[in-house]
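Here is a short briefing for a reader who is meeting this structure for the first time. It begins with the overall fold and then turns to one helix.

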Amino acid sequence: MKLDPNKTALLVIDMQGGFIDEASPTCIPAARGTIPACAAVQAKARELGVPVVFIIRKYAADGSDVEFTRYPDWLRGGKPCSTEDGPLGWAPAFDVKPGDMVLYKPRYSAFFQTNLDGILRRKGIDTVVVTGTTTPNCIRATVFDAISLDYNTVLLEDCCSSVTEEIQRVSMDCMSRIGAVISDSRAFLDGCIELPVTIEQVRREIQKEC
């Protein structure tokens, strides 16, 4: 089954200065190279009427909500992702267009302590297309939560990034093994992404058994 634009949302995770700018201690060098593919996918999503949701990190200025394991690096590194100004600020690498949404997340997953799940369900969305950085951390945590919450989950590999190619490969393999559909930007642009099984199909089968 192909993606239904009326039931799909595009998630853009952590594509912000603190993770893209080379001056940032939390920079993922490969993230900058994914910007053209990410931008093309965002433009296509808007054309199709697919909601674009930017989910980004914004720490408190005093660091009171920084993960304790990250706190020393955050403190030493100029407090990235704790300001709305400058190259290390939270502003997405792409212009937020009318109709787009911006959510702040306190931890790795886009679903953890945010209202993302409620927003998507109210809009009747059952499928998420995931893009952004970094693949083994925030992307992976989001994908695991999305599948746990019964969303059809698609990951665009060339719209995600890791510190090394090997980490990227292993992370993609890990997520494919729990049911994420691994695809790429070209397939999304061409409208040819296939879902081998969907939550709607499962629900119908369960209802028949009842």
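Helices (H or I, at least four residues) and strands (E, at least two) are DSSP runs, numbered from the N terminus. Read in that way, the protein chain follows the pattern β-α-α-β-α-β-α-β-α-β-α-β-α-α along its sequence, with 8 helices and 6 strands. This is a predicted model, in which local features need pLDDT of at least 70 and side-chain atom pairs count only at pLDDT 80 or more, while totals for chains, interfaces and linings use all residues. Residues are numbered from 1 along each chain as its sequence is written, and side-chain values use heavy atoms, with hydrogens and water left out.

**Whole chain**
- Of the 210 residues of the protein chain, 48% count as buried, where buried means under 20% relative accessible area, exposed over 50% and partly exposed in between (1.4 Å probe, protein chains only).
- Residues 24 or more positions apart account for 75% of the contacts with a separation of 6 or more, a contact being heavy atoms within 4.5 Å.
- The C-alpha atoms fill a box of roughly 60 × 35 × 35 Å, taken along the principal axes.

**Helix α2**
- Helix α2, which covers residues 35-48, has 14 residues and reaches 20 Å from its first C-alpha to its last, close to the 20 Å expected at 1.5 Å a residue; the expected span is 1.5 Å times one less than the number of residues.
- The buried residues of α2 are Ile35, Ala37, Cys38, Val41, Gln42, Lys44 and Ala45.
- These buried residues of α2 pack against β1 (8-13), α1 (17-20), β2 (52-57), β4 (127-133), β5 (152-161) and α7 (185-190).
- Just after α2, glycine 49 takes a positive phi of about 80 degrees.
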